[in-house]
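Open the model in your viewer and keep the sequence panel beside it. This tour goes stop by stop: select, look, move on.

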Amino acid sequence: MRLILDTNQVRHVVRTSPTNEFSPTFVLPPLVIAELARNSRNAAKDAKALAKYDLLFGADVIHFMNYLSLVPEETVSTSVPVYMPLTRSYQKLRKGFLRPTDKYRRRANQLKKEADQSAKEVLERAKRESLEHHKMRSRGERPKFVRWTTIEDAEAMLYPDVNSTWAQETLSMVTSEGQHPIKCQSEDTLWDAMRANHHVRLWMRVAITQFFGYRQVWRDKQLNVDPQGNDITDITLPLYARPGDVILTNDKKLKRSIKHSDPDGTVRVMTWEEYLQWRERGFD
């Protein structure tokens, strides 16, 4: 079991020290690292405290997606977007995390800036669509869209095949809009392999749940929420979770999105305090 750490849980985690009997492994997603690096007041202290535990580092979403263009189907379906110890990438990330250079901080700022820009664009798009729906209702018209109940409903509508808009937009991330040739036999087999990958599938499902929740398409009204500034960071967290892992966050919206996206409950979502209580009960 690994613990994927959200920024809002760091201050709670660092108050606890590992012991011989208790030393969980944390996965730090890139955008969480970026948010910590930007908090110059506590960054060094938090990094030192977290380093007492076993740490793993998540790969940038775009870097991981680009990697999928370089490997065959069987590797696409089993790839994990987390750097393992002893690799050069891991050593470089750990060194930067503990002793950040100016270049490291600039990269962190750039990552967060890109995420903030994406969140801004999503918010503006959601506002435009909301305004259009309001205008339609004021004219006595009824917005024409099908409300979805389950994540499977959404998937059936969004990508019935590889030529659908959602599938093509996702594949364009893998190929950098066609600049990178793929190692897989075809786009069809690449897409099937991506959907077979637990990490990619859960990440896409949470993105669908939240992005289309902005458009008020879910029958469960709790999923129909307005965008927030940290949504992009939250949406990336499930990418790093294996079946059996725990995502540590106190974000209720994210918890609902993951529960909806992962109806089989392969990944748990809780706060650090809830995790400690769960452990005391013997993970029962």
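**Stop 1**

Select M194. Leaving aside neighbours within four places in sequence, M194 is in contact with M65, L68, V76, T170, L171, V174, V200 and R201. Contact here means heavy atoms within 4.5 Å.

Some ground rules before you go on. This is a predicted model, where local features need pLDDT of at least 70 and side-chain atom pairs count only at pLDDT 80 or more, while totals for chains, interfaces and linings use all residues. Residues are numbered from 1 along each chain as its sequence is written, and side-chain values use heavy atoms, with hydrogens and water left out.

Together with M194, they touch the most other members of the largest nonpolar core, which has 81 residues. Helix α11 (residues 198-213) gives the most to this core, with 8 residues. A nonpolar core is a set of buried Ala, Val, Leu, Ile, Met, Phe, Trp, Tyr and Cys residues joined through side-chain atoms within 4.5 Å. Buried means under 20% relative accessible area, exposed over 50%, and partly exposed in between (1.4 Å probe, protein chains only). Helices (H or I, at least four residues) and strands (E, at least two) are DSSP runs, numbered from the N terminus.

**Stop 2: T209 in α11**

Stay on helix α11 and pick T209. Is T209 buried or exposed? T209 is buried, because its relative accessible area is 0%. Not counting residues up to four places away in sequence, T209 touches I151, W218, L223, S257, H260 and S261. Show the side chains of T209 and S261: a polar contact of 2.9 Å joins them. A polar contact is a pair of N or O atoms within 3.5 Å; within protein, one must be able to donate a hydrogen and the other to accept it, and residues adjacent in sequence count only if both atoms are side-chain atoms.

**Stop 3**

Select F26 and W272. Both are buried. The ring centres of F26 and W272 are 5.7 Å apart and the planes are at 45°, so the pair is tilted. F26 is in strand β2 (residues 25-28) and W272 in helix α14 (residues 272-280), 246 residues apart. Rings of Phe, Tyr and Trp (its six-membered ring) pair if their centres lie within 6.5 Å; planes under 30 degrees apart count as stacked, over 60 as edge-to-face and the rest as tilted.

Ring pairs link F22, F26, Y53, W272, Y275, W278 and F283 into a cluster. F283 counts as partly exposed, because its relative accessibility is 36%. Its phi is near 55°, a positive value in a residue other than glycine.

**Stop 4: the sheet**

Switch to cartoon view. 6 strands form an open sheet in the order β4-β3-β2-β1-β5-β6, with mixed pairing. Strands pair if DSSP finds at least two bridges between them. At the edges stand β4 (82-83) and β6 (268-270), each with a single partner strand, so one side of each is left without a neighbour in the sheet. Strand β3 (residues 54-58) runs antiparallel to β4, joined by 2 bridges. Find F57: its bridge partner in β4 is Y83.

**Stop 5: E35**

Finish at E35, in helix α2 (residues 30-38). A polar contact of 2.4 Å joins the side chains of E35 and T7.
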